[in-house]
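Dear colleague,

Please find below the structure that I am handing over to you. My notes on it follow directly after.

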Amino acid sequence: MSLTLLNVIIAVVIAIGFAALNAAYLVWAERRGAARIQRRPGPNINGPWGLLQPPLDGIKLMAKQLTIPGGADKVLFIAAPVLAMFPAIMSFVTIPFSDTIVAKNMNVGILMIFAFASMGGMSLVFAGWSSRNKYAMMSSVRAVSQAVAYEIPMLITTITVVMIAGSMDLMEIVHQQSGSILHWNIFPLLGNSHNILMPMSFLIFFTCTLAETNRAPFDLGEAESELVAGFHTEYGSMGFGLFFMGEYANIVIGSCMTTILFLGGWNAPLPFLSFIPGVFWFLLKLYILIATFIWIRWTFPRTTIYGLLNLSWKILIPLSLFNLLLTAGLIKVF
Amino acid sequence: MNSPIELQPDETFILNVGPQHPATHGVLRVKMEMNGEYIVNAETVIGYIHRMHEKMGEVKTYPQFLMNLSRMDYLGALGYSHGHVLLVEKASGIEVPERAEYIRAIMVELNRVSSHLFWFGAFVMDLGGFSPLMYALQDREHILDMLEGVTGSRLTYCYFRFGGVYNDVDDEFISAARRFIPRMRKSLKKYHKLVTGNIIFRKRLEGIAPLTPEMCRKYGASSAVARGSGINFDVRKNEPYSVYPEFDFDVPVFHECDSLARYNVRMEEMEQSLRIIEQGLDKLPDGPFMPEKKPKLIKPPAGDYYQAVETARGSFGIRLVSEGDKTPYRLKLRSPTYSNMHLFDEACRGMMIMDALAFMGSLDLVIPEIDR
């Protein structure tokens, strides 16, 4: 009994370590990627290829004074960055990296991840409200409408996948997609759904992930050319650092979910490649998705708030509902 | 999207944008009365970087004032110097050798391209796209290197002299300029592919901030602001000066009146400037670059003189009232951005803040030039 408990604790610590490491080094990857896109070197001074940049940045941020603006709500002001980082890290506990590597599998894993994802939106509201800054306030109002608008199509799309798999267990969903690339949920011909519109569902889910994580082109919460820095205008020191890392942890979670729900998790794309460990395939898919995130961010300008809401309410929600109904019908027929 | 909304007087709050705000590109302050994300009223507050250039014009002698002009607009500095030297030459009757005129035109057009490139990058950055700025700056770097080689400085040039230029162009500059033109054309094609065709970019600009031609006339707007609203006015064509009548170039005019039209005008202007540079390099005559005989002390006879030039920001007017002294009695600088900016107060009412700041980007404001 105590051994299993120890195992769980070690696994959880490893999961959290993975999340924190990713959050720190994705900042580096993003800066290098942006530099590559913009034909400049990027951070390359500290350590080989600038690899020491994230820890040094962390030290610098921690050494700075945490200033709390006068009139700010102190409790919420301090709680907000913690709330940004904590749900993202907690979600890692239930993510399966391969059929054996998972900290704690749950049969309602999806539910837990979405519950924590909703908490992320709360941190933006707390930060914006407690800062006593008009820009931060406007940003948090935007963040709420954005979170509401994009969680709905995201959940509907997820329900489509859950219906196909017949389970909310992430392991089970991945097992259902084993075989080859054609069995993945994104290519539904040999899978369970027979729904040729699944690639569209994948795109909807991916778009919602972009919006949920406040990434460009949907980074209206921190639109730096309008709202200075949005909800974290008043944050310095590690408060800012936590927001920053929380954003990247959320990206990793979003990409993990996309990989699990649509890209077959740890399954190899072709059957004869399955001698390579599953965790390799999982990480490969994960980092390809993250690279796409970075690529999109440095290519597109920002949308407007009404463009963003129109996209969700008028296009994504009807489409995802339609796909849900179609999938339900097809499952009944086949 | 931007239909005016019913306003209750007690539902508004004041948002102070600037003087240090990422979108105002300098120290412009806009006091906005907001209703949620909608702007009810906006008031631009200027003067944070006022340096008394006009007063300096009155106390400094004519040659001493040469360097002040390039401190007005640090992005397209040569256009302003051009206006000043043309005015003083006209006032005191100094003959300018033809080679000097051509060199000036080439330099001013190169500077215009560099200024528009910077605007292009900063404008797309206002809309949230960061990478085009880096591409634009890299192209601009070629121009700055070329100008540095001849004029000795990169931004605040003091290159034009009364009667000519300070330094002759060498073969190195000419070959560099010839190499630059096809490269710049290729870059422009790339920008159109990367930015102009982007769906988000177009959606954010099409139909946003319509400026009627009447409004442009009322505020005295010029440059792309007026030409994007269908007003065909370019000082180079309408009140030709220097050697511009010798060049074959078009004035791009768009009639859509929106932010995208203003963007299109500037992008097209870059191409036209390249055409002028090309022709200027072909026609560049041999000869002196400073006049043979020039008065040692510049003392324009008493009178009232005016000269307008088309700078990168629009029509720049400079008026000189001389009493025959070493220094002018009055030197009035009519800066184009000043007029363009004041459109903002009226035009942004009822707009959302993000559209308003995109609109502000399309006006191409350079704050030191407003405040002078």
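How many residues does the contact take from chain B and from chain A? The contact takes 23 residues from chain A and 26 residues from chain B, where two residues are in contact if their C-beta atoms, placed from the backbone, lie within 7 Å. This is a predicted model, in which local features need pLDDT of at least 70 and side-chain atom pairs count only at pLDDT 80 or more, whereas totals for chains, interfaces and linings use all residues. Residues are numbered from 1 along each chain as its sequence is written, and chains are lettered from A and ligands numbered from 1 in the order in which they are written.

On the side of chain B that touches chain A, at least two residues each come from β1 (13-17), α4 (98-126), α5 (131-151), α7 (199-205) and α13 (353-362) of chain B. Helices (H or I, at least four residues) and strands (E, at least two) are DSSP runs, numbered from the N terminus. By class, that side of chain B has 15 nonpolar, six polar and five charged residues. Here Ala, Val, Leu, Ile, Met, Phe, Trp, Tyr, Cys and Pro count as nonpolar, Asp, Glu, Lys and Arg as charged, and the others, Gly among them, as polar.

Strand β1 of chain B also belongs to an open sheet of three strands, in the order β1-β2-β3 (chain B) and with antiparallel pairing; two strands pair if DSSP finds at least two bridges between them. The edge strands are β1 and β3 (38-45) of chain B, each of which pairs on one side only. β1(B) and β2 (residues 29-35) of chain B are joined by five bridges in the antiparallel sense, and B:V17 stands opposite B:V30 in β2(B).

Chain A, for its part, has 10 helices and zero strands. The C-alpha trace of chain A spans about 65 × 50 × 50 Å along its principal axes.

Within chain A, the axes of helix α7 (residues 198-212) and helix α8 (residues 237-262) come within 10 Å and cross at roughly 165 degrees. The axes are lines fitted to C-alpha atoms, for helices over the stretch in contact, and angles run from 0 to 180 degrees between N-to-C directions. α7(A) is therefore roughly antiparallel to α8(A), a term for angles over 145 degrees. The contact is made by A:F202, A:F205, A:F206, A:T209 and A:E212 of α7(A) and by A:G254, A:T258, A:L261 and A:F262 of α8(A). By class, this contact has five nonpolar, three polar and one charged residues.

Yours sincerely

Conventions:
Angles under 35 degrees count as roughly parallel, over 145 as roughly antiparallel, 65 to 115 as roughly perpendicular and the rest as oblique.
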